[in-house]
Amino acid sequence: MFQGTIPAPMRSIVRETASLWPRGPVYVPCCGNFTIERSLARMGFGLHSSDVSIYTSAVGRWLTRQPVGIQLRDESADELGWLTKSLDDGVGTVATLMLGTRFLASVGRGGLWHERVVRSYREQWKAKHAETVERLSGSDVELASYEVEDVRSWLQKVPGDAPVCSFPPFYGGGYEKLYEPLEAHFTWDAPQYEPLSDDDVVSVLGAITDRPYWLTASNHSVPELHRYLRGGSRRRRAPLPSTCTPARRARGSSLRASRSTR
């Protein structure tokens, strides 16, 4: 339902690893598209999530019954004023952003193809939006909390003995680039933070794994985590090693640092 996902085998690893954790709160920084939360749904955990992107924050706030707090920019009203009635500060706004990820990159761009994309969405908007709202309303994902906060500061507030499950961005600035079209046309109370560099991602991995229970994945090779490495994955055309690292210190799990055994 939500944009993007992690492969099915990875979702299975998340569930299998988390089954060894004590029931209680689980913290998911860099939650992105809530794939981890969807994988852990109905397992008895209280899920606490955080992220900084406009898309993720819209979904996270809606899932925790907070006002979404996103509006169309004044300068976009001429081209996209037809979206205004769909922005209800709730599920309607979330549905608008989800659909927006598919066509907003074509707004204002020349060429017949881009013009056809925007025209098609405008003409079919009422039906597409209603369908997306209906699908969202059937979601079984429940969050105990969601915060708009940078992973570096948020992890400092997470209890040291609580499980953390997170797949940080594989590349610095990846999410910022992905959601540029949304940021260009919508305004919100965006947080101030420095985009994660590759070195920052490695540092975040260290903070995630400095606890009894954890699971993570990355394309970065971290020597300190090699003893927890349990596997790797690669795309068919573009090789991309992964790292998954969880459970107890003596129980590590990873897809480049995966499931743990005593």
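Author: Among what covers the buried residues of α3 are β2 (46-51), α5 (91-103), α7 (125-137), β4 (145-148), α10 (180-185) and β6 (186-187). This is a predicted model, in which local features need pLDDT of at least 70 and side-chain atom pairs count only at pLDDT 80 or more, while totals for chains, interfaces and linings use all residues. Residues are numbered from 1 along each chain as its sequence is written, and side-chain values use heavy atoms, with hydrogens and water left out.

Reader: Thanks! What makes α3 a helix, and where is Ser-57 in it?

Author: Helices are DSSP runs of H or I with at least four residues, and strands are runs of E with at least two, numbered from the N terminus. Helix α3 covers residues 54-63, and Ser-57 lies in it. After α3 comes Arg-65, which has a positive phi, near 60°.

Reader: Why is Ser-57 called buried?

Author: Its relative accessibility is 1%, and buried means under 20% relative accessible area, with exposed over 50% and partly exposed in between (1.4 Å probe, protein chains only). Ser-57 therefore counts as buried. Its helix is mostly covered too, with 10 of 10 residues buried, including Tyr-55, Arg-61 and Trp-62.

Reader: What makes the pair of Ser-57 and Tyr-146 a polar contact?

Author: Their side chains come to 2.9 Å. A polar contact is a pair of N or O atoms within 3.5 Å; within protein, one must be able to donate a hydrogen and the other to accept it, and residues adjacent in sequence count only if both atoms are side-chain atoms. The pair therefore qualifies. Beyond four places in sequence, Ser-57 is in contact (heavy atoms within 4.5 Å) with Asp-51, Val-52, Tyr-146, Val-148 and Trp-188.

Reader: Why does Ser-106 count as buried, then?

Author: Ser-106 has 5% relative accessibility, so it counts as buried. It sits in the loop between α5 and α6 (112-123) and, not counting residues up to four places away in sequence, touches Trp-113, His-114, Val-117 and Val-118.

Reader: What makes something a nonpolar core here?

Author: It is a set of buried Ala, Val, Leu, Ile, Met, Phe, Trp, Tyr and Cys residues joined through side-chain atoms within 4.5 Å. The largest one has 53 residues, and Leu-40, Phe-103 and Phe-186 have the most contacts inside it. α5 gives the most to this core, with seven residues. Apart from it lies another core of 17 residues, among them Cys-30, Trp-154, Val-158 and Leu-225.
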